[in-house]
Every structure is written in structure tokens, then in C-alpha cells.
Amino acid sequence: MTKILFVITKANWGGAQRYVYDLATNLPHDRFDIAVAFGQPGRLAQELAQASIRALPIGSLQRDISAGSDTKSFFELYRLFKKERPDVVHLNSSKAGGVGALAARLAGIRKIVFTAHGWPFREQRTIIVRGIFWLTSWLTALFATNIICVSEYDLHQARRMPFVGHKAVRIYNGIDQSVPLGSGDIIRTAFPAGATITGTIGELTKNKNQMALVEQAKKDPSLCVAIVGEGELRPLLEKKISEYGLQDRVKLFGFLPARDVLKGFDVFALPSIKEGLPYVLLEAKAAGLPIETNRSIGGIAEILDKPLGEFSLERMVAHTAQIYESES
């Protein structure tokens, strides 16, 4: 049996966390012994517990850059890898990848897989910060034995990195299209009857850019917006909604599963400025919703242009299992 240890920085519920959960719960348990290590706790930890997946908290692993915490998390991960002796360490998120890849190498792990859920050096930052992110991403890829890119867009970026491009493959994120959708009434009943509702789903962060929909609603008095998700920008969004007097037309619903709310939307909007291959866009497409988004961001155009069959959960799990069990 192949022993897999997933590592992810935050255990909240975003695209990378769903990816880890889907793999951890759908890989054949007669072939794989699975555990998940994470830093900051959140809903992923709860979901893993309900699925009886072994969870290994790493208290010092956090998203923000901190020399002290990063050094401590490196040694915590190194000790964990030496103790657990997994056949495969599968790293997710930039911080877990950067710290974990070196720790896994020094711990003598045979196979180190890193999934790039959108390269951080593609974010809208200063050229110096982007340069630092490129260097740390390249070092992560260099220490890894296999790199999974969730889109052709990200695969193209990986292939341009010296000495590491040959390690990279593209495996699309996948969804179970047989899961039924809820009524969406929690969205519909929050707006006047007959309103045309533009909805979005995602963590409330700068990269997801929900503020663009608030600004659009300020300019368009006919626009009703439902924003589903939680995150660090909630106070700012609440402030702007109140400042613009949009409380009746722009509403924050907090975290709700996508399948419970999609039928409450008339249009799905994804205003992100950085993406890998967004699950919510796959689900909106599967729900048959009109979609407003930017085709040039990450793998968005691939979702819009390819048949949904390319993005099946079964295919994602099978192809990833092949990586784990391959000799290279």
C-alpha cells in the first residue's frame, strides 16, 4: 500500500483545500494510506474528520511570511516526514510547497509532488515581489520530483522554468457532475421577487476581486449581486456596501456550498484577477448558467471552451494516482 501525506497551508475551504479533500476521499483506500497535514485550521479539518481521514496539524505553518514561523514549520515538517515516512508527499499552496519541498528532500522522501494551483508570480504585484515569488516557485519545482499543473496555462509557465519543465504535467481539476443542486432559495428570498441576480462564489480576497461587483452595482442601479464566501476582505466589502447605500441590492451570504446556491443565480460572475482552474466556474457551467468572467485569467478559457467531460473527478483521481505509483 502506498502511503500518501498531503500538506497544505490553510485548512479553510478554497479550491486547493477542496482538491486535497477530493483526492484524499476518492483515492482507492485499498491502494493508498492517506493523511493530511495542515497549518491554520478551518473547515477542511472538519470535513476530513467526518470522512475519517487522519489529520496532522502543523501549528507553525501559516500563510504570511515570517522568518521565525517559516523556520519552525520547516523543522516541524522535517520531523513529521521522518516520523511518518510516507512514500509520497503531496504539497499544495505556495507556502507549504516552498517549505515542504526542501524538508521532504532532506528527509529522504522518494516522491515529492507539488500541485500549482495558479503560480503566485502571476499575481498583480510589484516586479520585485513577483521576482521573489518566481524564485521561490522555481526552487519548489526544483526540489519536487513531480509537478501537477491544473491548467494548460499554468503548464506553459512551468515549461518555461529552467531545469524543471520536464517534471510538469497537466491534470485538470474535476467535479462530480451527478451531485444534485439545491433550490437556491436562500439567495432568491433575500432579493425582491423577479430580481435578476448576479452571483459569485469564492473566498473574500483581493485575488477574487468581489469589490469589482460592488463598484459595478454602484454604477448600475438595476444590478443585484449575491456574494457567497468568507475571507479577510469581508469588513472592507461591508464598509463599501454601506457607504454606497447598496444594502438592498448587494448582499454577503458568508460561506455556503456552491451546489446549494447556484440555482439562486441568474448569471454567474467570476471577477478574479488570479486563478488556477476554479471549481466554482466548473460548477456554474455544469449548472447551465450564463457566465461573466475574464478569459485571459489562468485556466478560465479552458473551462469555457472544453467539454465538461474533460473535468471529471474520476479522471482527476485516476491520473493523479498514476503519478503516485509511477517510478519516475
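## Basis of the model

Residues count from 1 along each chain as its sequence is written, and side-chain values use heavy atoms, with hydrogens and water left out. The model is predicted: local features need pLDDT of at least 70, side-chain atom pairs count only at pLDDT 80 or more, and totals for chains, interfaces and linings use all residues.

## Overall build

The protein chain holds 13 helices and 12 strands. Both are DSSP runs numbered from the N terminus: helices are H or I with at least four residues, strands are E with at least two. The radius of gyration is 20 Å, close to the 20 Å from the globule rule for 328 residues, so the chain is as compact as a globular protein of that length. That radius is taken over C-alpha atoms, and the rule is 2.2 Å times the number of residues to the power 0.38. Along its principal axes, the C-alpha trace spans about 60 × 45 × 35 Å.

Buried residues account for 53% of the 328 residues. Buried means under 20% relative accessible area, exposed over 50%, and partly exposed in between (1.4 Å probe, protein chains only). The accessible surface is about 14,600 Å², and 53% of it belongs to carbon and sulfur atoms. These areas come from the Shrake-Rupley method with a 1.4 Å probe; for residues, only the protein chains shown count as cover. Among contacts between residues at least 6 apart in sequence, 69% join residues at least 24 apart. A contact is heavy atoms within 4.5 Å.

## The seven-stranded sheet

An open sheet is built from 7 strands in the order E3-E2-E1-E4-E5-E6-E7, with parallel pairing. Strand E3 (54–57) and strand E7 (168–170) are at the edges; each has a single partner strand, so one side of each lacks a neighbour in the sheet. Neighbouring strands are turned by 25 degrees against each other on average, direction ignored. Two strands pair if DSSP finds at least two bridges between them.

Strand E1 (residues 2–10) pairs with strand E2 (residues 32–40) in the parallel sense, over 8 bridges. Thr2 stands opposite Phe32 in E2. Helix H4 (residues 94–106) lies across E1, strand E4 (88–92) and strand E5 (111–116), and runs at about 160 degrees to E4. Axes are lines fitted to C-alpha atoms, for helices over the stretch in contact; angles run from 0 to 180 degrees between N-to-C directions.

## Val20 in helix H1

Val20 sits in helix H1 (residues 15–26). Its relative accessibility is 0%, so Val20 counts as buried. Leaving out residues up to four places away in sequence, Val20 touches Phe6, Ile8, Val36 and Asn92. Val20 and Val7 are 13 residues apart in sequence and 8.6 Å apart in space, C-alpha to C-alpha.

In helix H6 (residues 152–159), the buried residues are Asp154, Leu155, Gln157 and Ala158. They cover an arc of only 160 degrees around the axis, which puts them on the same side of H6. The arc is that of the directions from the helix axis to the C-beta atoms. Their cover includes E5, strand E6 (146–149) and E7.

Helix H9 (residues 234–243) buries Arg234, Leu237 and Ile241. They cover an arc of only 65 degrees around the axis, which puts them on the same side of H9. Their cover includes helix H8 (211–219) and strand E10 (250–254). The face turned away from the buried side of H9 carries the exposed residues Pro235 and Lys239. Just after H9, Gly245 takes a positive phi of about 70 degrees.
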